[in-house]
Amino acid sequence: MRLWPASLLWRTLIVLVAALVLSQAAALWLLHSYVTQPRAAGGMGLFVSHLKTINAALQTMTAPQQQEFIARIAEKEGIRITPVRGDDAAMHPAAEAPNVHAFRDRIRELFGAQANVYVRGNDPPEDLRRGRPQTLWVRLPAGERDFWVAFPRGRIERDPSAAFIEWGITGLAIAVMGTFFIVWKLNRPLAELAGAAAKLGQGGDPAPMAETGPSEIRAVTRAFNQMKEDLRRNERDRATFLAGVSHDLRTPLSRLRLEVEMLEGKVDGEAQQAMVEDVGDMNAIIDQFIDFMRSEAAEPLSPVNISELARSCAERFLRSGLEVTCELGDVPALMLRPLAMRRLMDNLIANAGRHGGGDVLVTTRATGGWVRLSVLDRGPGIPEALVERLKEPFTRRDEARSGGSGAGLGLAIANRVANIHGGTLDLLAREGGGLEARVTLPAA
């Protein structure tokens with residue numbers, strides 16, 4: 001099982017989120033240590049001073065003045081003050097939370113050991129459901145009488161967890177949006193570059209890539225454009241060289257064939273016929289060189305019916321003496337390069353006729369979203385281990401496919417033509433013996 005994702009998006013997201021979590025944890029700790037706690041301590045000190053003032057006022061007032069003072073405090077500050085009447089059964093000491101503990105110590109320093117912080121057992125249900133009563137009670141000695149002072153818990157401590165959660169969620173959302181934006185900006189030129197590289201690898205001629213984005217992406221794009229131009233230049237140079245060699249060989253080969261044919265009666269007839277066939281084979285090899293050096297990608301696309309094209313190629317081979325049978329299905333027209341597809345079929349049929357014992361079957365059919373062309377023979381077939389190697393240029397395996405003619409370019413040409421059309425060439429064992437050369441092309 002692979003735990004580390006492969007895509008750039010998820011890797012970047014994991015790294016940024018992990019960095020954000022660590023940085024926010026450190027920030028929250030610093031905030032708690034240097035901001036939240038000092039502010040809570042300062043607020044607690046102010047409230048303790050306020051209680052000291054209330055205590056002093058209650059000790060100096062008469063009973064009517066106390067009633068008026070208590071009503072004014074309740075109205076203006078939300079602090080309830082009631083005399084202690086001896087019934088403390090409903091009061092329980094508040095839990096030893098850090099802020100409550102510090103507050104208890106402060107009021108005991110001021111008002112004596114009998115001062116304490118309590119919670120009431122019959123507090124409002126919503127406070128009890130939260131597990132943390134929101135009202136605290138202080139027993140405040142004031143001369144001859146003690147008073148209960150009830151006040152909101154927030155006067156001595158505030159729970160920052162909601163703010164911390166909101167802060168964390170907001171930071172995480174910003175990190176995710178930032179990650180998607182960054183990766184989108186990086187992935188767009190990289191995706192275009194990958195598409196252009198795939199097209200170039202299939203023998204196509206992609207347009208030059210726009211050199212945009214970060215400097216590293218621009219450098220990669222610039223290197224790709226330069227590589228494409230270098231490959232095209234090398235290909236042109238090689239094509240020019242082979243075309244020149246092929247052209248120069250045509251004249252002496254034609255002259256040699258003429259001289260061989262003029263030897264009628266001077267040499268053995270079988271030897272003369274063998275020499276003529278050898279000259280023909282050399283001409284066929286030159287034709288294969290020229291076909292291989294052609295750039296199929298430069299040919300424009302046009303609608304092509306694979307079945308009609310296969311019938312035309314088969315009829316031409318029939319006229320040359322090769323036994324070719326067709327089983328052609330009803331297939332849709334595809335946008336293809338007609339001359340390139342004709343070269344593909346010619347090479348596959350010629351290869352089957354040369355190595356398959358003269359019994360060649362051509363079939364076409366549409367299946368799903370694909371159109372399939374198959375050229376089948378009854379020759380010795382190809383070992384599975386050699387299938388991919390025999391698609392490479394100038395590769396032959398006479399032990400697997402009997403016969404010594406050809407330059408080893410037929411399958412390479414067919415494979416390249418299939419690839420530039422988005423299809424594949426598969427060399428499969430035919431049921432009952434022989435080989436099936438299957439070309440699969442997308443129907444749309």
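A contact here is heavy atoms within 4.5 Å. Nonpolar covers Ala, Val, Leu, Ile, Met, Phe, Trp, Tyr, Cys and Pro, charged covers Asp, Glu, Lys and Arg, and the others, Gly among them, are polar.

Helix 10 spans residues 410–420, and its axis lies 9 Å from that of helix 9, at an angle of about 145°. Axes are lines fitted to C-alpha atoms, for helices over the stretch in contact, with angles running from 0 to 180 degrees between N-to-C directions.

## About the model

This is a predicted model, where local features need pLDDT of at least 70 and side-chain atom pairs count only at pLDDT 80 or more, while totals for chains, interfaces and linings use all residues. Residues are numbered from 1 along each chain as its sequence is written, and side-chain values use heavy atoms, leaving out hydrogens and water.

## Helix 10, tucked away

Helix 10 is largely enclosed by the rest of the structure, because 10 of its 11 residues are buried. Buried means under 20% relative accessible area (exposed is over 50%, partly exposed in between; 1.4 Å probe, protein chains only). Among the buried ones are N415, R416 and I420. After helix 10 comes G422, with a positive phi near 80°.

## Helix 9's other partner

Helix 9 (residues 338–355) also packs against helix 8 (residues 306–319), at an angle of about 50° and with axes 10 Å apart. The two are therefore oblique to each other; that word covers what is left after roughly parallel (under 35 degrees), roughly antiparallel (over 145) and roughly perpendicular (65 to 115). Their crossing is right-handed.

On the helix 8 side, the residues include I306, L309 and F317, and they meet a helix 9 set that includes P338, M345 and I349. This contact divides into 11 nonpolar, one polar and three charged residues.

## The whole chain

Zooming out, the protein chain has 10 helices and 12 strands, both being DSSP runs numbered from the N terminus (helices H or I, at least four residues; strands E, at least two). Of its 444 residues, 36% are buried.

Definitions and conventions: A crossing is left-handed if the near helix is turned anticlockwise from the far one by less than a right angle, and right-handed if clockwise.
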